[in-house]
Protein chains: 2
Amino acid sequence: MKNREDSVIGIVGLGLMGGAFALALQENGAAPGKLLACDIDKESLEMALAEKIIDEGFSNPEAMLPRCDLVFLCLNPQVLLRFMEKQMTFFKSGSLITDIAGIKGNICAIVEKNLRPDLDFIPGHPMAGSEKGGFANARRCSFKGKNYILTPLERNKKENLEYLKNLIYRMGFGRITETTAEEHDRKIAFTSQLCHVIASALVDCEGDTEITRFGGGSFEDLTRIAMLNAPLWTELFIENRRELLARITQFEESLDALKTLIAEEAGTELESRLDAVRERRIKMQEA
Amino acid sequence: MKNREDSVIGIVGLGLMGGAFALALQENGAAPGKLLACDIDKESLEMALAEKIIDEGFSNPEAMLPRCDLVFLCLNPQVLLRFMEKQMTFFKSGSLITDIAGIKGNICAIVEKNLRPDLDFIPGHPMAGSEKGGFANARRCSFKGKNYILTPLERNKKENLEYLKNLIYRMGFGRITETTAEEHDRKIAFTSQLCHVIASALVDCEGDTEITRFGGGSFEDLTRIAMLNAPLWTELFIENRRELLARITQFEESLDALKTLIAEEAGTELESRLDAVRERRIKMQEA
């Protein structure tokens with residue numbers, strides 16, 4: 001893997017995210033070598049080949065992995081674990097592997113524990129997505145200016161980390177944050193999982209599907225992410241339940257405090273609390 | 001008010017919403033007669049005059065109201081009540097008045113009770129806004145395709161209602177729903193006020209303003225409306241507290257149900273509940 005311009009990049013799982021990676025790599029000239037992809041869905045592979053987004057498509061990872069210098073594992077967490085267990089022997093010696101799992105702690109620990117010593121695995125989480133899944137919707141998933149979290153392992157090679165970071169910026173991401181798996185899971189429980197739980201609860205609590213006739217955009221904005229990929233999010237919620245449950249409780253406490261102020265008609269206190277919220281949210285926007 | 005093409009339209013309160021009305025009326029040729037505005041803020045009036053958005057500006061409603069065939073009252077609910085009490089004698093006989101208050105029940109009942117018999121008041125609520133207030137941000141508040149709720153009174157003249165509805169569509173709104181003040185307040189408590197309370201609680205429960213480094217858009221979308229106009233929303237929450245508190249409780253119940261499924265690691269049940277949420281939200285989008 002000396003000449004990175006000749007690198008062969010492989011994408012495992014050509015769904016929404018895998019497809020978005022393929023597109024971002026091609027469109028930004030970030031994959032000047034070959035771009036390969038494997039998926040169980042032949043239609044996605046054919047579509048990607050027809051649109052010249054990938055160079056070769058594989059139904060069988062055993063045929064692709066030995067050729068790849070860099071592999072993006074775009075799989076749901078549990079599928080990722082099973083894939084690594086089954087395919088470990090097929091990775092090219094010295095290759096770099098990264099993933100996109102929305103939880104890092106347990107998942108990465110298991111992958112690391114069973115990793116072949118000649119492979120380098122850098123856990124990652126691109127903070128991008130779309131409520132519409134599948135390769136056909138990959139163009140809906142823009143990387144432009146988005147956050148990317150990396151939770152590097154101690155054993156990662158410095159030059160591999162630099163190469164991956166460079167590639168991430170070339171794909172259009174705006175900011176890379178390096179942190180631990182623990183901090184990732186704690187913060188993502190708030191910015192991502194708690195938000196999905198709230199959006200789901202908000203849709204769950206109203207049976208009238210015509211309520212949107214009375215919508216002005218707030219309800220729509222708060223619940224767009226409730227059109228979620230149920231199997232994936234079930235997995236993420238349960239896998240990260242310790243952090244997520246703590247966040248739900250924190251949120252419930254704030255909600256209850258506002259509810260009490262409203263019930264008590266405590267206008268002055270409510271207004272100053274809402275003012276503080278406004279100020280904090282403006283600061284968050286600038287961060 | 002025979003020839004509606006010559007109608008003089010007056011806007012009381014040239015803030016975000018009043019400004020957006022003035023813009024929408026001018027830009028769509030919906031105000032072929034004169035367009036007047038009054039506001040206590042001279043700067044807004046001067047800006048609107050300089051940009052030729054209004055024909056005349058007034059600091060004093062007593063000078064404007066006697067000339068207007070149609071008046072848009074773009075004021076916070078309590079200010080609206082004080083305004084009507086103080087200015088009632090100055091409205092032109094036979095003129096049509098409408099408002100934009102986000103709560104209808106009590107407010108409209110008080111206005112109606114004290115209304116001069118020769119005036120026609122049609123309560124309205126344009127479902128549009130922006131987290132940035134004031135006339136300078138009026139262009140951020142698009143009406144295109146948005147919902148408009150009317151809660152007509154029994155005494156409203158049919159031809160006035162038709163005229164107002166026509167004007168609303170000409171300003172770019174996509175759908176008008178006519179309903180009672182009670183139904184409005186019940187539904188708006190969900191689509192608007194509950195969403196603002198949730199967004200505020202979500203910001204309230206996290207002190208780290210750099211958390212957005214871990215954001216992928218969900219938190220940002222869910223909390224944009226937390227940058228709210230605190231005095232206005234305090235008023236709306238407290239005025240509509242009966243409906244709003246019931247909605248908060250409903251939401252809490254759904255949130256608690258999801259929390260329990262997560263805590264119990266009830267994957268199958270959680271997934272099917274999230275699937276149902278997804279389906280319902282898609283139906284809501286189509287409504």
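Where does A:Thr180 lie? I looked this up to get my bearings, and A:Thr180 lies in the loop between β9 (175-178) and α7 (181-204) of chain A, helices (H or I, at least four residues) and strands (E, at least two) being DSSP runs numbered from the N terminus. A:Thr180 counts as exposed because it has 12 C-beta neighbours inside 10 Å. For that word I keep this rule: a residue is buried if 20 or more other C-beta atoms lie within 10 Å of its own, exposed if 12 or fewer, and partly exposed in between, with C-beta atoms placed from the backbone. I also noted that the C-alpha atoms of A:Thr180 and A:Gly19 are separated by 27 Å, while the two residues are 161 residues apart along the chain.

**What I am looking at**

This is a predicted model, in which local features need pLDDT of at least 70 and side-chain atom pairs count only at pLDDT 80 or more, whereas totals for chains, interfaces and linings use all residues. Residues are numbered from 1 along each chain as its sequence is written, and chains are lettered from A and ligands numbered from 1 in the order in which they are written.

**The two chains**

I laid chain B on chain A and noted an RMSD of 0.0 Å, reached by a turn of 180° and a shift of 0.0 Å along the axis; such copies are superposed by least squares on the C-alpha atoms of residues with pLDDT of at least 70 in both. The two copies are therefore related as by a two-fold rotation axis. Of the residues of chain B, B:Leu222 comes closest to that axis, with its C-alpha at 2.3 Å.

I then turned to the interface, where 76 residues of chain B are in contact with 76 residues of chain A, contact being defined as C-beta atoms, placed from the backbone, that lie within 7 Å. On the side of chain B that touches chain A, several elements each supply at least two residues, among them β8 (147-150), β9 (175-178), α10 (241-263) and α11 (267-286). The largest share of this side, 15 residues, comes from α7(B). By kind, the residues of this side of chain B divide into 40 nonpolar, 17 polar and 19 charged; here Ala, Val, Leu, Ile, Met, Phe, Trp, Tyr, Cys and Pro count as nonpolar, Asp, Glu, Lys and Arg as charged, and the others, Gly among them, as polar. Since 100% of the interface residues of chain B are also interface residues in chain A, the copies meet through the same surface.

**The core**

Which residues have the most contacts inside the largest nonpolar core? They are A:Ala20, A:Ala22, A:Ile198, B:Ala20, B:Ala22 and B:Ile198, in a core of 180 residues. A nonpolar core is a set of buried Ala, Val, Leu, Ile, Met, Phe, Trp, Tyr and Cys residues joined through C-beta atoms within 7 Å. Leaving aside neighbours within four places in sequence, I found A:Ala20 in contact with A:Ala128, A:Ala138, A:Cys141 and A:Phe143.

On α4(A) the contact is made by A:Pro77, A:Leu80, A:Leu81 and A:Met84, and on α5(A) by A:Ile107, A:Ile110 and A:Val111. The residues of this contact divide into seven nonpolar, no polar and no charged.

**Single residues**

B:Pro152 has its place in the loop between β8 and α6 (158-170) of chain B, and it counts as buried because it has 21 C-beta neighbours inside 10 Å. Not counting residues up to four places away in sequence, B:Pro152 touches B:Ile122, B:Leu161 and B:Glu178.

A:Gly134 is found in the loop between β7 (124-126) and β8 (147-150) of chain A, and with 16 C-beta neighbours inside 10 Å it counts as partly exposed. Beyond its neighbours within four places in sequence, A:Gly134 is in contact with A:Gly15 and A:Leu16.

Last, I looked at A:Lys52, which has a positive phi of about 55° although it is not a glycine. A:Lys52 sits in the loop between α2 (42-50) and β3 (56-58) of chain A, and A:Lys52 is exposed, with 9 other C-beta atoms within 10 Å. In chain B, B:Lys52 has a positive phi of about 55°.

Conventions
Contact = placed C-beta atoms within 7 Å.
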